Amino acid sequence: MTRAQLLRLAVLAAALLALAPRAALAETAAVPHVAKKDRELADKRERAAKGPTPPVTRVGAKPAPLINVQHRWTGEWLAVAAAGPLPSSSLQVKLLRDHYTNQSTEMASRLLPAIIAAARHFRVARVEIVSAYRHPKYNLILRKKGHEVARDSEHTHGKAVDFRLPGITTERLAKWALGRRLGGVGTYLRSNFVHIDVGAVRRWAGE
Ligand SMILES: [Zn+2]
């Protein structure tokens, strides 16, 4: 390569270098330059201004109907998806505890499913628990007060629940319960509730 050729090459390279930044600027001129860090900060501020993110729901999907199981004495309630899985046994035990002594016991696993099945059958969204687990101490107090309570009630073993479905007559609910043949069914017309237990299949009418 001659000296003249080298010189020409150097001039060409210098010209290209001078052009290159201008070309790059021309391409990005329309977009204001924002540092990545600044953009992230701006996004963060925007999210904070909007408040907490709402729970994600699927667009186009109807929310699953719920059955609210409420304990009459504690006022506590448990929402159960009408077509979904049942709440954990620990939640069931807590809801169905003895309100008087605040004691709980393991509940027969077939009780809550039967109650939910009743609510589904009658298409109601609420179940009222009148009595579930009864600590022997509380059972004795009820007996002494003259209530219709058996000495060795299934309630004291976590094997019985008294409940009602608002809007459904006690007769209809009792008839449905008898058809299930889960165990004992007591119909309490005046007090407006049905007793179900997982003991021997039997029936009686109470006050
Ligand atoms: Zn009962």
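Visitor: Which helix does Arg 180 lie in?

Guide: Arg 180 lies in helix H6. Bear in mind that this is a predicted model.

Visitor: Is Arg 180 buried, partly exposed or exposed, and why?

Guide: Arg 180 counts as partly exposed because it has 15 C-beta neighbours inside 10 Å, and a buried residue would need 20 or more.

Visitor: How far is the C-alpha atom of Arg 180 from that of Ala 118?

Guide: The two C-alpha atoms are separated by 9.9 Å, though Arg 180 and Ala 118 are 62 residues apart along the chain.

Visitor: And Ala 118, what sits with it among the buried residues of H4?

Guide: The buried residues of H4 are Ala 118, Ala 119, Ile 115, Leu 111 and Leu 112. They are on the same side of H4, because the arc they cover around the axis is only 120°.

Visitor: What covers the buried residues of H4?

Guide: The cover includes strands E1, E3, E4 and E6, along with helices H3 (89-95) and H6.

Visitor: What follows H4?

Guide: Arg 123 follows H4, and its phi is positive, near 55°.

Visitor: New topic. In the largest nonpolar core, which residues touch the most other members?

Guide: That core has 28 residues, and the ones touching the most other members are Val 69, Ile 115, Val 127, Val 161 and Val 194. Elements that each supply at least two residues include E1 (66-71), E2 (77-81), H4 (111-121) and H6 (170-180). H4 gives the most, with five residues.

Visitor: Take Val 161. What does it touch, leaving out residues up to four places away in sequence?

Guide: Val 161 touches Leu 96, Leu 111, Ile 115, Ile 129, Ala 132 and Ile 196.

Visitor: Back to the whole chain. How many helices and strands?

Guide: The chain has six helices and seven strands. From the N terminus on, they run α-α-β-β-α-α-β-α-β-α-β-β-β.

Visitor: What share of the residues is buried?

Guide: Buried residues make up 23% of the 207 in the chain. As for contacts between residues at least 6 apart in sequence, 54% join residues at least 24 apart.

Visitor: What is the mean pLDDT of the chain?

Guide: The mean is 85, and 79% of the residues reach 70 or more. Over residues 20-29 the pLDDT is below 50, and that stretch has zero contacts in the model beyond near neighbours in sequence. Where pLDDT is low, the predicted coordinates should not be read in detail.

Terms used: Residues are numbered from 1 along each chain as its sequence is written. This is a predicted model: local features need pLDDT of at least 70, side-chain atom pairs count only at pLDDT 80 or more; totals for chains, interfaces and linings use all residues. A nonpolar core is a set of buried Ala, Val, Leu, Ile, Met, Phe, Trp, Tyr and Cys residues joined through C-beta atoms within 7 Å. A residue is buried if 20 or more other C-beta atoms lie within 10 Å of its own, exposed if 12 or fewer, and partly exposed in between; C-beta atoms are placed from the backbone. Helices (H or I, at least four residues) and strands (E, at least two) are DSSP runs, numbered from the N terminus. Two residues are in contact if their C-beta atoms, placed from the backbone, lie within 7 Å. The arc is that of the directions from the helix axis to the C-beta atoms. pLDDT is the predictor's confidence in each residue, from 0 to 100.
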